[in-house]
Amino acid sequence: MKLKINSILFFLLIVSTLSAQTLRVVSYNVENLFDWKHDSLKNDLEYTSTGLRHWTYSRYKNKTEQIARVIVNISKEKPLALIGLCEIENENCVQNLNYKLRHFHYRTLHYESSDERGVDVALLYDPKQFRLIDSAALYVDLGEDHTRDILYAAGIIANGDTLHIMVCHLPSMIGGKTASQWKRDQAKKVIQTKIDSIYSQQPNASIIIMGDMNSSPVNDLLGVENMMLTYEKKGKGTHKYHGIWTCLDQFYVSPYVQENCKTTIYDAVFLMEKDVKFLDLKPKRTFVGYRYNKDGYSDHLPIYMEMKINY
């Protein structure tokens with residue numbers, strides 16, 4: 001017990017020396033960051049050298065470097081506290097991306113899910129700002145269908161508080177928004193159960209839920225607020241489909257976090273290209289149909305949060 005207490009005190013001493021008093025958190029759907037190898041247990045043939053995308057080591061390497069560039073630009077030379085990632089295939093992809101960011105010394109958290117295509121979520125974190133104390137993969141039961149788990153993590157931040165994180169990539173609207181809604185509802189039941197469990201032990205808990213919710217922002221989880229509600233009303237979003245921006249990528253936060261944070265859609269010029277068909281701009285993605293664009297990044301824009309830490 002004494003050793004554990006000393007470890008916590010040492011951690012707090014380290015983080016208290018940091019000049020910044022703000023925790024910066026990013027959520028980014030990186031759009032199919034697959035390696036080029038076939039996994040016999042997954043439906044990933046599309047992203048192999050003989051598949052429809054002609055996905056090679058060279059293309060995979062370039063995609064990884066492009067995503068790393070985005071994270072570096074958001075970071076502004078200082079490590080982000082937390083980076084939630086959606087649409088990353090496996091542990092190797094997580095580690096290869098982290099290698100490109102090695103000067104930040106992030107640690108990684110990833111669980112292999114039962115998603116049929118092999119699409120997972122992952123978390124990169126700075127151990128000097130977030131000392132991991134617990135993690136789990138929260139299974140979403142869709143019967144005969146399969147989707148990615150909800151990644152849960154808890155860690156100690158600079159003021160000694162515990163911060164609870166969930167990284168989500170809810171089921172898509174394939175088959176129609178209405179017909180597929182039950183799948184997203186089921187995933188949110190899993191999230192709600194975890195929220196309730198956290199509050200039962202810590203009524204004033206700090207909670208951040210982030211990721212691709214595959215729907216417009218709504219306040220549909222008890223005990224947390226959706227921070228992205230106003231963006232679509234201003235014609236802004238993280239994903240553009242048929243000329244319409246939707247804020248699929250979202251943050252839900254507990255009351256304490258809400259009082260001390262602000263959120264931003266990272267729409268840097270280098271992430272955008274002209275939308276010839278629907279005018280204005282759109283995210284510069286890796287594939288337009290099946291046409292490869294080596295200068296692309298993702299069909300989603302990242303979002304980030306700045307949370308003031310009170311001591």
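**The largest pocket and its surroundings**

Author: The largest pocket of this predicted model is lined by 46 residues, and those lying nearest its centre are Glu87, Ser172, Ile174, Asn214 and Asp299. Its volume is about 1,500 Å³. Several elements supply at least two residues each to the lining, namely β1, α4, β10 (239-241), β11 (244-246), β15 (281-283) and β16 (287-288). The largest share, 3 residues, comes from β10.

The loop between β10 and β11 holds His242. This residue has a positive phi of about 55° although it is not a glycine. Most residues other than glycine have a negative phi. His242 is exposed, with a relative accessible area of 52%.

Helix α4, one of the contributors to the lining, covers residues 177-201. Its 25 residues reach 36 Å from the first C-alpha to the last, close to the 36 Å expected at 1.5 Å a residue. The buried residues of α4 are Ser180, Lys183, Arg184, Ala187, Lys188, Val190, Ile191, Gln192, Ile195, Ile198 and Tyr199. The cover over these buried residues includes the strands β5 (131-138), β6 (150-156), β7 (162-169), β8 (206-212) and β12 (249-253), together with helix α5 (255-259).

Strand β1 also supplies at least two lining residues, and the loop between β1 and α2 contains both Lys37 and His54. Lys37 is partly exposed, with a relative accessible area of 45%. Leaving aside neighbours within four places in sequence, Lys37 is in contact with Asp44 and Thr48. Lys37 and Tyr57 are 20 residues apart in sequence, and their C-alpha atoms are 8.6 Å apart in space. His54 is partly exposed, at a relative accessible area of 48%, and has a positive phi of about 50° although it is not a glycine.

Both β1 (22-33) and α2 (57-75) are among the elements that cover the buried residues of helix α3, as are β2 (82-88), β3 (107-110) and β4 (120-125). In α3 (residues 91-100), the buried residues are Cys93, Val94, Leu97 and Asn98. Seen down the helix axis, these buried residues fall within an arc of 130°, so they line one face of α3. An α-helix has 3.6 residues a turn, so residues three or four places apart point the same way. At the start of α3, a side-chain oxygen of Asn90 reaches to within 3.2 Å of the backbone nitrogen of Asn92.

How values were computed. Residues numbered from 1 in each chain as written. Predicted model: local features only at pLDDT ≥ 70, side-chain atom pairs only at ≥ 80, totals over all residues. Heavy atoms only, no water. Buried < 20%, exposed > 50% of the residue type's maximum accessible area, 1.4 Å probe, protein only. Helix = DSSP H or I, 4+ residues; strand = E, 2+ residues; numbered from the N terminus. Arc of directions from axis to C-beta. Contact = heavy atoms within 4.5 Å. Polar contact = N/O pair within 3.5 Å; in protein donor to acceptor, adjacent residues only side chain to side chain. Expected span 1.5 Å × (residues − 1). 1 Å grid on protein atoms, 1.4 Å probe; cavity = no way out; pocket = protein on both sides within 12 Å on 5 of 7 lines; lining within 4 Å. Points joined across faces, edges and corners; volume = space filled by probe spheres on them.
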